[in-house]
Amino acid sequence: MCTGSLTARALVPCNQRPVLIWDVDGTLLAAQSTGRAAMNDAFWACYGIARAFDDLNFAGAHDHDLWAQAIRRHCNAPPAMSPARFFHAYLQHLQRRLNEAPIPALPGVREILCELTAAGYRLVLGTGNIRAGAYLKLGAVGLANYFPHGGFSMPGATRVDILRAALEAVQPHPTCAIVIGDTPRDVHAAHAINLPIIAIATGRFSTTDLAHAGADLVLPSLGHVKRFHELFHELL
Ligand SMILES: [Mg+2]
């Protein structure tokens, strides 16, 4: 159990500040099912099928895989077309929904990002959102400028591929990194490439869930900024 304290897991030795790879939904902001609703809108607009994403598990998933799952479930003959038309519609509906019902950044996030940036840490995204979707959501809560690069949803990708892409986006290439996420899938992906992960229980999963998944540090939220910095610096 590592809620609010560190596990004995050996962290990657590092003589420089680690790059910090951030998940978006449930970690930086509470999208409150806006993404799911916008995908339902887009699927209806493109394929005439309503509520296609209602039964899909979004936690730790990525957008291309969600689209592929919906196609397999609801279309007898999966269209040979690329998902480009769907994602074009998705972005339009996502923007409309964000305008209609603003979403919040999660407690403590803005202050922590500001302080980490001022201290010289490089921040990148490692998210299952498509790139434009991630920046629409982050722009809606005023956090987009903290993240110049990232790894995003890609056709056929896994969560591990997304984290690798996040690392490759940083130049010079980092020798160490820490992932910050909110789901067991984030934990497993980080560990698959030997990265430590700080798991925040502000998404669907409890501190117990995330500790059982093996997260190196679990916090109930980022709302206790001082405590975050204390534990974060113990990780280094
Ligand atoms: Mg998440």
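Predicted model: local features only at pLDDT ≥ 70, side-chain atom pairs only at ≥ 80, totals over all residues.
Reader: Which domains does the chain have?
Author: The assignment gives domain 1 (19-31 + 104-235) and domain 2 (34-100). Such bounds come from an automatic or database domain assignment. The domain centres, taken over C-alpha atoms, are 24 Å apart.

Reader: How many residues are in contact between them?
Author: 21 residues of domain 1 are in contact with 14 residues of domain 2; contact means that C-beta atoms, placed from the backbone, lie within 7 Å.

Reader: Which elements give two or more residues on the domain 1 side?
Author: Helix 5, helix 6 and helix 7 do. Helix 5 gives the most, with four residues. Helices are DSSP runs (H or I, at least four residues), as are strands (E, at least two), numbered from the N terminus.

Reader: And by class, what is on that side?
Author: The side of domain 1 that touches domain 2 has 10 nonpolar, six polar and five charged residues. Ala, Val, Leu, Ile, Met, Phe, Trp, Tyr, Cys and Pro count as nonpolar, Asp, Glu, Lys and Arg as charged, and the others, Gly among them, as polar.

Reader: Back to helix 5. At what angle does it cross helix 3?
Author: Helix 3 (residues 84-100) and helix 5 (residues 131-140) cross at roughly 10°, and their axes come within 10 Å. Axes are lines fitted to C-alpha atoms, for helices over the stretch in contact, and angles run from 0 to 180 degrees between N-to-C directions. The two helices are therefore roughly parallel (under 35 degrees; over 145 is roughly antiparallel, 65 to 115 roughly perpendicular, the rest oblique).

Reader: Which residues make that contact?
Author: Tyr-90, Leu-91, Leu-94, Gln-95 and Leu-98 of helix 3 meet Ala-132, Gly-133, Leu-136 and Ala-140 of helix 5. By class, that contact has seven nonpolar, two polar and no charged residues.

Reader: What about helix 6 and helix 7?
Author: Helix 6 (residues 159-168) and helix 7 (residues 184-192) pack at about 60°, axes 9 Å apart. That makes helix 6 oblique to helix 7.

Key. Residues numbered from 1 in each chain as written. Contact = placed C-beta atoms within 7 Å.
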